[in-house]
Amino acid sequence: MRAAAAFIPGAAIRTFQSTALGESASMFERVLENPKFPGEWPFSDEDFKRQDESDDKIFYDQARLVYHIDDDAVGALTKYYGENIKDGEDVLDICSSWVSHYPKEWKGGKVVGLGMNEYELSQNPQLTSFDVKDLNEDPTFPYEDASFDKVTCVVSIDYLNKPQEVFAEIGRVLRPGGECYLAMSNRCFPTKAFNIWLQTSDIEHIFIVGSFFHYSGLFDGPSCDDISPNPKRSDPMFIVKASRSS
């Protein structure tokens, strides 16, 4: 918890403790309203090590055609996408799989999945194309500059152990004014999540991921939308987002 505790305001942590007891969840959104990021990247290499450092291709070789969040959280995420992604927009879904949670009625332009399991990606009916790649091995995206209007990622940002490079790539492939939506909950494969994720809370995760946008230097200020459908009764759902600077 060393790196996170070093720059997350104490007031935010205290309020989170109250929120956990049932008070307003809006504090999750307030975390990024006036963040105090350090002047330089505060994380260490150790923060992004994992319990299981074996080849990720082995872990993700088995297809998992299941949801990784509960139905209520899925519904909230799909509704959010429907309100924020327009018909005809070109979208890149990173850490993609057999489902991207976009609305069924949504008509995208170019909809590309970038993920680890070829079979899962082949079963995703909303993708117009997909690419198989391990971003922990090589974090560069196989796409041209400014080629997407939106980038999405669902409950997977905690598995990417080169966040500086990944967020630079997100910024590179987004068009000016394009947005990135990172959907986050409280579930993970703990052996593959990076260390600092396992050592910190939901509210700290929001701050940490917001800082990734900040330190890339490519985005306007990050923000958070708390779309948790039934606090304490279903999986939480937070969208940490930022727009590509013009």
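Modeller: Glu169 is buried, because its relative accessible area is 10% (buried means under 20%, exposed over 50% and partly exposed in between, using a 1.4 Å probe and protein chains only). Before going on, the ground rules: residues are numbered from 1 along each chain as its sequence is written, and side-chain values use heavy atoms, with hydrogens and water left out. This is a predicted model, so local features need pLDDT of at least 70 and side-chain atom pairs count only at pLDDT 80 or more, while totals for chains, interfaces and linings use all residues.

Back to Glu169, then. Its salt-bridge partner is Arg172, with the closest N and O atoms 2.8 Å apart (a salt bridge is a side-chain nitrogen of Lys or Arg within 4 Å of a carboxyl oxygen of Asp or Glu). Arg172 has 24% relative accessibility, so it counts as partly exposed. The two sit 3 residues apart in helix H7 (residues 163-173), so about one helical turn separates Arg172 from Glu169. (Helices, H or I with at least four residues, and strands, E with at least two, are DSSP runs numbered from the N terminus.) The general rule behind that: an α-helix has 3.6 residues a turn, so residues three or four places apart point the same way.

Now for what H7 belongs to. Together with S4 and S5, H7 makes a right-handed β-α-β unit; right-handed here means that, with the strands pointing away from the viewer, the path from the first strand over the helix to the second runs clockwise. S4 and S5 run parallel and are joined by 6 bridges (two strands pair if DSSP finds at least two bridges between them). As one example, Val154 has Ala183 in S5 as its bridge partner. S5 also has 6 bridges to S7, and that pair is antiparallel; here Cys180 has Ala242 in S7 as its bridge partner. S5 is mostly covered, with 8 of its 11 residues buried.

What lies against these strands? Strand S4 (148-154), strand S5 (174-184), strand S6 (223-226) and strand S7 (238-243) are among what covers the buried residues of H5. Those buried residues are Ala73, Val74, Ala76, Leu77, Tyr80 and Tyr81. Looking down the axis of H5, they fall within an arc of 165 degrees, so they line one face of the helix; the arc is that of the directions from the helix axis to the C-beta atoms. The face turned away from the buried side carries the exposed residues Asp71, Lys79 and Glu83. The length of H5 works out too: its 14 residues (71-84) should span 20 Å at 1.5 Å a residue, and the end C-alpha atoms are 20 Å apart, which agrees. The expected span is 1.5 Å times one less than the number of residues.

Lys150 counts as buried because its relative accessibility is 6%, and Glu89 counts as buried at 13%. Asp90, Asp149 and Arg175 are linked in a network of salt bridges. The whole structure has 10 salt bridges.

Trp197 touches it, along with Ile157, Asp158, His205 and Val209, not counting residues up to four places away in sequence (contact means heavy atoms within 4.5 Å). Trp197 lies in helix H8 (residues 195-198) and is buried, with a relative accessible area of 6%. Between Trp197 and Ile157 there are 40 residues of sequence separation and 9.8 Å from C-alpha to C-alpha. His205, in helix H9 (residues 202-216), is in contact with Met184, Trp197 and Thr200, leaving aside neighbours within four places in sequence. His205 is buried as well, at 6% relative accessible area. As for H9, 13 of its 15 residues are buried, so the helix is largely enclosed by the rest of the structure. After H9 comes Gly217, with a positive phi near 75 degrees.
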